[in-house]
Amino acid sequence: MWSVHKFGGTCMGTPQRIQNVADVVLGDSSERKLIIVSAMSKVTDMMYSLVHKAQSRDDSYTEELDKVFEKHMAAAKDLLDGENLARFLSELHSDISNLRAMLRAIYIAGHATESFSEFVVGHGELWSSQMLSYAVQKSGASCSWMDTREVLVVKPSGPDMVDPDYEESEKRLEKWFSRQPAEIIVATGFIASTAENIPTTLKRDGSDFSAAIIGSLVRARQVTIWTDVDGVFSADPRKVSEAVILSTLSYQEAWEMSYFGANVLHPRTIIPVMKDNIPIVIRNMFNLSAPGTVICKQPANEDADLDACVKSFATIDKLALVNVEGTGMAGVPGTSSAIFSAVKEVGANVIMISQASSEHSICFAVPEKEVAAVSAALHVRFREALAAGRLSKVEVIHDCSILAAVGLRMASTPGVSAILFDALAKANINVRAIAQGCSEYNITVVLKQEDCVRALRAAHSRFFLSKTTLAIGVIGPGLIGATLLNQLRDQVAILKENMNIDVRVIGITGASTMLLSETGVDLTRWKEEMQKEAKPADLANFVRHLSEDHVFPNKVLVDCTADTNVASHYYDWLKKGIHVITPNKKANSGPLDRYLKLRTLQRASYTHYFYEATVGAGLPIISTLRGLLETGDKILRIEGIFSGTLSYIFNNFEGTRSFSDVVAEAKEAGYTEPDPRDDLSGTDVARKVIILARESGLRLELSDIPVESLVPEALKSCSSPNEFMQKLPSFDQDWARQRHEAEAAGEVLRYVGAVDVLNGKGRVELQRYKRDHPFAQLSGSDNIIAFTTSRYKEQPLIVRGPGAGAEVTAGGVFCDILRLASYLGAPS
Ligand SMILES: NC(=O)C1=CN([C@@H]2O[C@H](COP(=O)(O)OP(=O)(O)OC[C@H]3O[C@@H](n4cnc5c(N)ncnc54)[C@H](O)[C@@H]3O)[C@@H](O)[C@H]2O)C=CC1
Ligand SMILES: N[C@@H](CC=O)C(=O)O
Ligand code: NA
């Protein structure tokens with residue numbers, strides 16, 4: 001069995017590339033190969049230009065011919081040697097001198113007949129294929145060279161169009177094979193001859209057509225078109241950065257797409273292979289690891305998923321919509337025929353037509369440059385009808401574009417157009433006209449050109465992006481925020497691959513600058529980008545960007561500040577449909593009425609608010625409590641050590657270092673709040689106690705919690721955290737004394753918090769515990785939280801582990817992001 005491979009001009013661009021083609025051809029000897037090649041890149045254009053120059057009597061054609069000669073001579077010298085080189089160069093010399101004579105004749109006549117010019121332009125393929133065949137022969141492989149003018153017979157079928165004569169070509173091919181059997185045949189693309197043996201071409205992009213015709217003639221197993229892209233994209237990647245390579249396409253889909261200018265295949269290329277069900281594979285010569293796109297008969301078992309019905313999106317710009325409207329059109333036979341015959345008279349190309357069944361209006365799209373003539377012709381044709389009011393208007397809507405969704409399976413799947421129009425509506429795009437043929441391979445919408453790329457991206461993302469694509473805005477890239485961004489950087493590819501969760505950080509804002517991106521910040525260099533690209537911070541604009549400037553289905557704000565003002569916006573963000581995730585305790589420990597409003601909204605909507613890291617950092621405290629409550633357990637008491645900072649301080653304040661030194665260590669380790677007085681004052685613990693109390697159903701304000709502050713009275717008025725840290729050593733003596741006293745009693749100091757749910761109270765205080773008490777056993781920044789409940793009455797449920805620090809806290813925030821993704825439908 002044969003396989004046919006076609007290598008385009010870029011694959012044949014340099015001697016090195018031609019050698020690479022030879023290597024690919026020789027790389028697999030499992031079947032016989034028929035190789036079709038284009039001319040070296042740019043050569044066909046040079047050949048057309050030669051003819052053009054000669055017939056316009058431009059003398060420079062001779063220099064251009066010299067350039068053609070030199071290009072091929074240099075390539076051959078690089079690629080070939082010995083006898084093969086000599087043979088090629090002698091053929092090249094003789095071809096060039098024939099061409100010189102012929103071009104001279106054209107020059108004198110000032111005219112080139114079609115067959116003259118076809119003969120000239122086809123030389124590029126003769127030379128490139130000869131060079132390749134010699135390069136293959138160099139390895140000792142059995143390889144013949146085929147001049148397809150000897151076998152491929154075509155007849156003209158229209159202006160710049162030919163049809164293959166399969167019967168005659170098959171006969172000639174058989175004869176050719178009987179003379180020159182070989183395992184590898186290298187043949188010329190693009191050229192053919194007429195039944196009268198006059199050289200001709202298959203016209204522009206004809207080499208793909210050659211490959212398809214020859215594929216059909218030899219009943220090839222497959223035709224591979226080698227090019228410089230990985231395959232066929234789901235949309236123009238210059239407009240849609242998320243465009244993906246399609247693994248398969250049906251013939252009809254490829255056909256539809258090529259109409260829309262997708263750089264797939266010329267529709268005529270598909271016809272010869274389609275009739276014999278021969279698959280065409282588009283592959284990248286420069287990336288052999290990419291499997292490419294297979295164009296074949298629609299596989300029967302293809303994924304019936306609604307979203308998979310649309311294979312690609314394409315657009316056509318620079319169109320105008322013509323709308324002919326009037327009550328006199330309904331039920332009057334011949335109206336549309338009259339409209340379109342007027343359009344035909346001016347030679348305009350109608351790109352889509354739509355008529356509502358009420359028949360009061362008919363609209364169609366034509367290229368913008370043709371619309372003036374069309375409109376004038378219609379006004380003339382319908383002058384009387386317009387005057388008599390049977391037609392109310394012939395209206396032109398300028399600056400339109402078409403967006404087309406292509407997919408064979410749209411035909412049998414309800415709901416596809418609903419998804420498409422929903423995506424456009426959500427992107428706030430106004431659709432001017434709609435057309436869907438009964439074949440249903442294609443839904444076409446006309447919209448304003450200025451909306452087109454946005455529409456394309458909105459539609460594409462709706463069908464091609466994972467439903468769990470999260471557009472994330474990070475507020476406060478400080479210790480926790482930065483650590484989170486780095487954790488995301490290291491994990492996003494794995495999440496995409498394993499769980500289809502597509503995380504895009506589309507904005508980062510600090511207190512003074514912000515970085516915005518439409519498709520996602522490159523997380524490997526977010527810090528540099530933040531310095532280079534950032535604009536002045538503006539929270540309102542940041543949030544607007546997150547809610548409007550992109551096409552991703554889910555929006556999330558991650559507040560990594562400790563700012564009360566930022567927290568005051570959660571309610572509005574949730575109302576806008578933006579999910580909120582935060583380690584910031586300010587919202588949940590702020591005024592009770594605000595908190596209750598927030599939680600009520602959260603419960604009433606499908607917009608989520610997660611804050612696991614507000615208590616115990618990454619430890620599962622909130623989720624444990626929720627689990628107990630939601631399954632009907634009754635919380636009696638929650639108590640423990642809630643501060644990583646204070647835990648670290650008292651675990652390490654053992655007589656070797658001063659109290660102030662240990663506080664400085666906790667700050668250095670990233671356990672403290674931005675202002676460490678929030679920790680030492682007990683406020684941070686009180687906030688956590690309040691968060692848990694409220695979560696357990698108590699309606700308490702922060703001021704209801706008695707708090708024992710560890711900040712000396714004299715330091716409460718310090719104007720900055722630094723001043724506080726500088727003055728703290730003067731209190732080291734007091735702390736040393738307290739520690740001694742406890743030690744003398746066989747006890748340790750521990751700062752604890754408790755929620756007494758039964759009595760509706762909370763407290764935060766410094767206590768002494770015996771050395772064998774569980775609270776005395778902690779190390780590092782450990783938190784320990786004991787839940788005493790109806791079910792866990794004798795022995796409390798205890799959660800223990802590091803309760804502060806950059807990695808564990810950011811990890812807790814990250815967990816919330818994944819929890820959100822799973823609520824939104826990510827696989828578990
Ligand atoms: N450090 C830890 O171990 C834990 C921290 N948390 C919480 O995480 C949050 C962040 O803590 P850190 O990263 O340690 O603090 P940080 O001070 O290192 O970072 C906060 C960042 O937010 C920025 N920021 C402040 N106001 C802003 C505004 N209005 N808009 C934009 N950015 C603003 C600051 O410039 C800074 O970059 C705090 O709410 C803290 O309570 C929660 C659990 C543990
Ligand atoms: N500063 C806090 C950080 C976690 O909430 C602490 O020390 O626990
Ligand atoms: Na937690």
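Me: Asp399 has its place in strand S16. What makes something a strand?
Reply: A strand is a DSSP run of E at least two residues long, a helix is a run of H or I at least four residues long, and both are numbered from the N terminus. S16 spans 393-406, so it qualifies as a strand under that rule. This is a predicted model, in which local features need pLDDT of at least 70, side-chain atom pairs count only at pLDDT 80 or more, and totals for chains, interfaces and linings use all residues, while residues are numbered from 1 along each chain as its sequence is written.

Me: Why is Asp399 called partly exposed?
Reply: Its relative accessible area is 46%. Buried means under 20%, exposed means over 50%, and partly exposed is what lies in between (1.4 Å probe, protein chains only). At 46%, Asp399 therefore lands in the middle class.

Me: Which residues is Asp399 in contact with, leaving aside its neighbours within four places in sequence?
Reply: Leu319, Glu368, Leu447, Lys448 and Gln449. Contact here means heavy atoms within 4.5 Å. Gln436 is a case of some distance from Asp399: 37 residues apart in sequence and 21 Å apart in space, C-alpha to C-alpha.

Me: What makes Lys467 count as exposed?
Reply: Its relative accessibility is 53%, so it counts as exposed. Lys467 lies in the loop between H15 and strand S19 (469-475). Its C-alpha atom is 7.4 Å from that of Gly825, although 358 residues separate the two along the chain.

Me: How do you know that the buried residues of H14 line one face of the helix?
Reply: Start with the list: Val416, Ile419, Leu420, Ala423 and Leu424 are buried in helix H14 (residues 416-426). Looking down the axis, they fall within an arc of 130°, so they line one face. The arc is taken from the directions from the helix axis to the C-beta atoms. Ala425 and Lys426 are exposed, on the face turned away from the buried side.

Me: What covers the buried residues of H14?
Reply: Among the covering elements are strand S13 (312-325), strand S17 (431-436) and helix H15 (452-464), along with S16. After H14 comes Asn428, with a positive phi near 60°.

Me: What puts the buried residues of H5 on the same side?
Reply: In helix H5 (residues 114-121), the buried ones are Ser117, Glu118, Val120 and Val121. They cover an arc of only 160° around the axis, which places them on the same side of H5. Their cover includes helix H2 (43-55), helix H4 (82-109), helix H6 (123-137) and strand S8 (199-201).

Me: Why is Phe190 called buried?
Reply: Its relative accessible area is 4%, so it falls in the buried class. Phe190 lies in the loop between strand S6 (184-188) and strand S7 (191-193). It isn't a glycine, yet its phi is positive, near 75°.

Me: Is Arg219 buried or partly exposed?
Reply: Partly exposed, with a relative accessible area of 43%. Arg219 is in the loop between helix H8 (206-217) and strand S9 (222-227), and its phi is positive, about 50°, although it is not a glycine.

Me: How many bridges join S4 to S5?
Reply: There are 4, joining S4 (residues 154-158) to S5 (residues 161-164), which run antiparallel. Pairing takes at least two bridges found by DSSP, so these strands count as paired. Pro156 stands opposite Val162 in S5, and the two strands form a hairpin with 2 residues between them.

Me: Which residues come nearest to ligand 2?
Reply: Gly644, Thr645, Tyr671, Glu673 and Asp679, out of 13 residues around it. A residue is near a molecule if one of its heavy atoms lies within 4 Å of it.

Me: What lies 2.7 Å from a nitrogen atom of ligand 2?
Reply: A polar side-chain atom of Asp679. A polar contact is a pair of N or O atoms within 3.5 Å (within protein, one must be able to donate a hydrogen and the other to accept it, and residues adjacent in sequence count only if both atoms are side-chain atoms), so this pair passes. Lys688 has a polar side-chain atom 2.8 Å from an oxygen atom of ligand 2.

Note on methods:
Chains lettered and ligands numbered in written order. Heavy atoms only, no water.
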